[in-house]
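Have the structure open while you read.

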Amino acid sequence: MKIGITCHPTLGGSGVLASELGKFLAQRGHSVHFITLGVPYRLRGEFHENIFFHTVDPQPYPVFEHTPYNMALAAKMREVAAAESLDVLHVHYAVPHAISAYLAAQMLLPRKLPVVTTLHGTDITLVGQEKSFFELTRFGIEQSSAVTAVSDYLKRKTEEVFNPQKKIRRIYNFADSALFHRRRDPCHRPSFSTPGQVVYMHLSNFRPVKRVEDVIRIFAKAAQTVDAVLVMIGEGPTQRPARDLAAQLGVANRVRFLGNQQDVPSLMGCGDIFLFPSELESFGLAPLEAMACEMPVIASDSGGVPEVVVHGESGYLAPVGDVDRMAEYAIELGRSPELRAKMGTAGRKRAETVFTPEIAMEQYEALYKEVMNAAK
């Protein structure tokens, strides 16, 4: 098949999922064409056979106060679909990508170009519920050939909020267990910890919804009784407040802010415990990747995270904002290498059996074939 993929190329779960999806589809012999503002983050720096990039270049125009990205994207989608004879266009996020895909498909008529839209979360829980975007989001969902959501939680939320006539299908995100795994030798631990120290980790885009300051508070409580360091991977608007809080709580010398990192898997493979007290996640890709690296996860019990992390088995869940309880779990795990190993093994097994690339590829391939046949 010839598959077009559009996503946000920056850090974030949707871009990561779209990038990994494209990589595995290409490995299975499909021709994958990314139509984006730039090369997606997870695809930078190396060549991938069967993957092609088509950059959207919004041109400034004197009449418009802002550069018309949506129209430029629609035009590029149409151009690539026509030139490469795409079989299907798979877009990630309803707004604006499903709308641009609809316009591109209309421009290609009478030829029918199937559009698959994957909902990732904030396009439904935040952007889509903005009054000015509500009907536009609903329209994008209804006009798609097929719509998927990355968790049962997001599927239910979409149905509750938009009451769509279009069927919403759940296809879970996945983690590449060959890439995300425990690193024992060599390992980066000596770069940010001393022998014997427990390594707590956090990975996100440091937006307010991630509650990064809660990560600092949890660690500060745990560090009173556990010889440990905290490794923070990522950048964003709450990084500065998190640094300030670490200083206020007296743990600045034990917190390592690494910023955005290209080689996330090798870093994640060196951690012991993953802290993820996010306010709301439609799935929880970072916790899943931590599980693949045999790290027990301490996370909030909101959104789709309970579908990923099994409380008491592969980690612990607590109410959003319950720093004290999360700190208790962090101390318990920090004190017990045996418990960490047990939960780490369980998490790895869950990642390898429930959230595999193979399962996701088969589901997406079947969906592509379904919409292609319907378009004939």
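## The disulfide

For this report, two cysteine sulfur atoms count as a disulfide when they lie within 2.5 Å of each other. Keep in mind that this is a predicted model. By that cut-off, Cys 187 and Cys 270 are joined, with 2.4 Å from S to S. Searching the whole structure turns up one disulfide.

The bond ties together distant parts of the chain, with its two cysteines 83 residues apart. Cys 187 sits in the loop between β7 (168–170) and α7 (189–192), while Cys 270 belongs to the loop between α10 (264–268) and β11 (273–276). Are these two buried or exposed? Cys 187 is partly exposed because its relative accessibility is 22%, whereas Cys 270 is buried at 1%.

## Other cysteines

Cys 293 is buried, with a relative accessible area of 0%. Cys 7 is buried too, at 1%.

## Where α11 meets α14

Now for the helices. The axes of α11 (residues 285–292) and α14 (residues 337–353) come within 7 Å and cross at roughly 115°, so α11 is roughly perpendicular to α14. The crossing is left-handed.

On the α11 side, the contact is made by Leu 288, Met 291 and Ala 292. Helix α14 brings Gly 344, Gly 347, Arg 348, Arg 350 and Ala 351. Sorted by type, the contact residues come out as four nonpolar, two polar and two charged.

Terms used: Residues numbered from 1 in each chain as written. Predicted model: local features only at pLDDT ≥ 70, side-chain atom pairs only at ≥ 80, totals over all residues. Heavy atoms only, no water. Axes fitted to C-alpha atoms, helices over the stretch in contact; angles between N-to-C directions. Helix = DSSP H or I, 4+ residues; strand = E, 2+ residues; numbered from the N terminus. Parallel < 35°, antiparallel > 145°, perpendicular 65-115°, else oblique. Left-handed = near helix turned anticlockwise from the far one by under 90°. Contact = heavy atoms within 4.5 Å. Nonpolar A, V, L, I, M, F, W, Y, C, P; charged D, E, K, R; others polar. Buried < 20%, exposed > 50% of the residue type's maximum accessible area, 1.4 Å probe, protein only.
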